[in-house]
Amino acid sequence: MRLRATHVTRYLYAEPVSTCHTETRLAPRIRAGQIPMGHRFEVTPTPSFSATRVDYFGNQVISFSIEQPHRELVISSECEAAVHPAPPPNLSLSPAWEEVRDQVAGRATQDAFDAFQFVFESPLIRRGPEFAGYATECFEPGRRFLEGVNQLSEKIFKQFRYDTKATTVATPVEEALKSRSGVCQDFAHVMIACLRSLNLPARYVSGYIRSIAGVTGAEASHAWLSVWCPVFGWQDFDPTNKVMPQGDHITLAWGRDYSDVAPVKGVALGGGEQTIRVSVEVTEATQ
Amino acid sequence: MQRMPPPSPTLLDSQWRYEASEGFYDEVLEPEYRIRPQWATLSEALTAMGHQGMARRWQQGRRMVRDNGITYNVYSDPENTSRPWPLDPIPLILGQDEWKQIEAAVVQRATLFNSILADLYGPQRLLREGMLPPELVFPNPAFLRPCWGVEPPGGVFLHMYAADLARSPDGQWWVLADRTQAPSGAGYALENRLVTTRVLPDVFRTSHVRRLAHFFQSYRDALQALVPRNRENPRIVLLTPGPYNETYFEHAFLARYLGYTLVEGGDLTVRENRVFLKTLGGLLPVDAIVRRQDDYYCDPLELRSDSILGVPGLLQAARSGNVAIVNALGSGLAESPGYAAFLPGLCRNLLGEELKLPEVATWWCGQEGPLKYVADHLGSLVIKPAFPSARQNPIFGAALDEKERSALLDSVRAEPYRYVAQEQVALSTVPVWADGKLHPRHLVVRVFGVRSGDGYAVMPGGLTRISSSLNTLVVSIQSGGGSKDTWVLGDGPASPFTLLRPAAHPLDVSRATFDLSSRAADNLFWLGRYVERVEAAVRVVRSMLARVFQEDATRAEGISAGLAILSALGYLTTQRTAAAEAEVLAIIDSREAANGLIAHIHHVRRLAWLLRDRISLDAWMILNQLDQQFSSPPAAAEVSTGTSQDLLNHAIVTLSAFGGMVMEGMTRGDGWRFLDIGRRIERALQMTEILRAGLPPEQPAASGALETVLEIADSTITYRSRYLTSLHADLMLDLLLVDEANPRSIAFQLVRLREHIDELPASQNAIRRPEEARTALSLLTAVQLADVRELARHDGELRAALFERLVSDLTLLSDQITRAYFSHAARSRQLAAS
């Protein structure tokens, strides 16, 4: 299936902004099950400088700066990707979670080595006994790793309230766990914190989800997570929707947490009060 | 146990009674109580000069520390952040052969860490091949992912490197810590040298001590070789986190010494992917940045987003090779003590050599064997974080009880890779001079390496730090320790050397001295204003005190005019509560008042401190003295009019000296201009207030009041020489208001102001006069058109109106200049998350 996403971010300022430096991660990534089919990126007013690079995690970054006074900044990004839903893996065939933990710690293979850096704390995600405690029932001794992960995803889905007012980008992950509420970003951060607290590798994925009936998080950019398992490789889980992505998700970027992969981040000089309006629409593209 | 008396008493011993302590290596005395050869010259000199001679010399040294304002800041003390730099007059002396080993080891380590950083921020072969455990890199907050793949100019991550060295009882040197982020201390080492050579010039000369200047020449040359363009005459800035940083003094000192412009993040901006310095004349391209700010604060776009110290877009500019930043962003990653156990292997692997200087015994808990050792020997170890940015204090196992130890072990076991344990070295001792005696104290030396060609050059010397007592092995200036100059002896007399040397190619003649940032212009402007404000207050108070003892008919008039002036200037309330004398004396001792004289003097000192890289050392010393004169006045009870008058006379002389220094010594650039604009505005304002209060409307001018005003305005002699008659209000107004030749008159100030403002950048290319120029012109015209006879009339309505207008327009002018030139107020902020 081909998905098309249209993502418009609009900043309105009460006073003129004289300069603004911005960095975006809005181009779809190549990955198993996803082939990017084009990306159109437009900024008004016209940037006086822009550059493209690939970051440490392999994400494409477009950065730009605007050096004329402006009261409005519009970033529109439109992309298409062919997504091929892989057959759902048989979770019960995955190794015991302790084995995954030990393989990664022992960096047995190149892939395990690459997964190892996603075991540690990161700028927005602490590890701690409260997270390990929350995950314990999903990871009893000998439990199949992916089954445990899936159960944790369902547990969060069931116990957490999706609430756009409960948290902000600055809400610490401990807070989200305590209040059992938040948005997709908090769901992903909490689940990653739980897994890492058990020394299991998990990374944060940023992207979109198709707006279909019963789906949460389609009105803005979406986030979920990915875990690494020997033989199975990286497997995605979306605790906001209690699913393993099956062709309705577009992956833009991944990293340790939101701070590595924010779709848009920037620093503006001046501007006073700012208002942000974001619209995201994901539809099936006609071939 | 005391050592046996020496067989033949050495001179040092018999006169100075220095006794080393058992169990440590003493730098001066051999175990048989003989003096080590490199100390011979110094010990003979000490013997010759005796305690008293030393005390005299050191008094001079201490004064130099105070007068030069050599300070460091204490983070934990919000009240009084800057403390005098604790320096001990006795240097640490190291012999040639010993130094050669240290030198080679420091070069090797600098090279090694440079290679390690190049690998970690590139292919990460060391991690993949198991030469370095990834647990020491991936979780380290100093591993800045955005810096990965950024190749610094010339592949140089470390332009400067420093190692802290210590000596164990067997005489062996060990490395205690490595500094790769933004090593501090080289500037203090240089200051220590300047002071110590003043205290011991003779010994310094005859000892053939190696000089430090070459090191700083290498520093400049190496940096110049790294800049992407303008190699011959690059614009280099030294980026400081600001005046509250622990070592701000050093930042200002080094900027001045090396000829770089001292900037804060807010002074820089990135445009079209290049770094610029915001100056009054516009944006000037920056070719290289010496950063004394931790790397993660340097760019709020890509690094720590909560940093208000950073420059958005800086990392991208570095990534594109448009600016050289030293040390490279990300260099803090090499500072982990956890690397210790792996360095011998890394050194063999990367450099093909054996490690020349061992690290103090260190166990990284991320491995099972070392963790077990640490658990078994906790009582004799020091536990430290493996990632220094965690800023935890070291924990001494010996100081913990059973329960605390097991709690510590639990947290170590939970995340073992976060901890290292180190053996505590029984640090060597060196004599410290205190209370007329020499006492042994522990020491650590920081040695600096700087890039030079393809390798590194080592400063022949370093920053020696000493413990606060013999009982502590903690050597830290923050916790009460001190410092010493470090002498490395050479073969023969050192050649004199200066940093101003001929360039390889002729340079274009440059008239610009330093680029004036708008922040510096702002500070200069206010320095001018406060200096003038202080002078006016001092003059009024001084003339009041003289009046109090006057025994003639006009005494009462004079006093009441003076009191009115002091109230108008804001030093007294209008209600008289005590005798005039007591009230006036209280002004000198007004430490509590936020707007009192003392507060103004503190402002002067603070501004001068912020401008240390711009004003001359002499000018700084003058203003520093002024602050000291008023900071320790006689206690309130003892304030007698006589001592107070001395204090005020001193202050007038000091302020005049500053004024003279500014007129005679400062280059006539924008910096001088802003300082003078500040002075002129303030002097005009003060004079207006003095005239307004001294000549109140609806009263005939009392001759006692006129006399007081003339005296405050320092114009008595001029008046008397012009007019042999008695005092007349109109003649006085002519002299103090409209006479453009009298440097105290308001017109004189306004003429200067108009000239200055016409020279400023905004006036230069404008078709229409900018607002501040219009205000200055209209002020001058108003005064030039004034009719002093009319103004002097008793009802004084015209007079009041003119004074009112002068005050409000001068205030407006100050605001307009602030808006036009100093408005760096617009703060950058994060865009809301999408």
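**Exercise 1. Work out how many helices and strands chain B has, and whether its radius of gyration agrees with that of a compact globule.**

Solution. Start with the secondary structure: in this predicted model, chain B holds 27 helices and 22 strands. Next, take the chain length: a compact globule of 834 residues would have a radius of gyration near 28 Å, and the 32 Å of chain B agrees with that. Then look at the extent: the C-alpha trace spans about 95 × 70 × 60 Å along its principal axes.

**Exercise 2. Decide whether A:Ser48 is buried, partly exposed or exposed, and find its contacts.**

Solution. First locate the residue: A:Ser48 lies in the loop between β2 (34-44) and β3 (49-54) of chain A. Now count neighbours: A:Ser48 has 14 C-beta neighbours inside 10 Å, so it is partly exposed. Beyond neighbours within four places in sequence, A:Ser48 is in contact with A:Ser65, A:Ile66, A:Glu67 and, across in the other chain, B:Glu272. For A:Glu67, the separation from A:Ser48 is 19 residues in sequence but 6.3 Å in space, C-alpha to C-alpha.

**Exercise 3. Describe the contact of chain A with chain B, and find which strand of chain B is joined to β12 of chain A.**

Solution. Begin with the residues: chain A brings 34 and chain B brings 25. On the chain B side, β8 (268-271) and β22 (828-830) each supply at least two residues. That side consists of 12 nonpolar, seven polar and six charged residues. Last, the strands: β12 (residues 264-270) of chain A is joined by three bridges to β22(B), and the two run antiparallel. Here A:Ala268 stands opposite B:Arg829.

Technical notes
Residues are numbered from 1 along each chain as its sequence is written. Chains are lettered from A and ligands numbered from 1 in the order in which they are written. This is a predicted model: local features need pLDDT of at least 70, side-chain atom pairs count only at pLDDT 80 or more; totals for chains, interfaces and linings use all residues. Helices (H or I, at least four residues) and strands (E, at least two) are DSSP runs, numbered from the N terminus. The radius of gyration is taken over C-alpha atoms; the globule rule is 2.2 Å times the number of residues to the power 0.38. A residue is buried if 20 or more other C-beta atoms lie within 10 Å of its own, exposed if 12 or fewer, and partly exposed in between; C-beta atoms are placed from the backbone. Two residues are in contact if their C-beta atoms, placed from the backbone, lie within 7 Å. Ala, Val, Leu, Ile, Met, Phe, Trp, Tyr, Cys and Pro count as nonpolar, Asp, Glu, Lys and Arg as charged, and the others, Gly among them, as polar. Two strands pair if DSSP finds at least two bridges between them.
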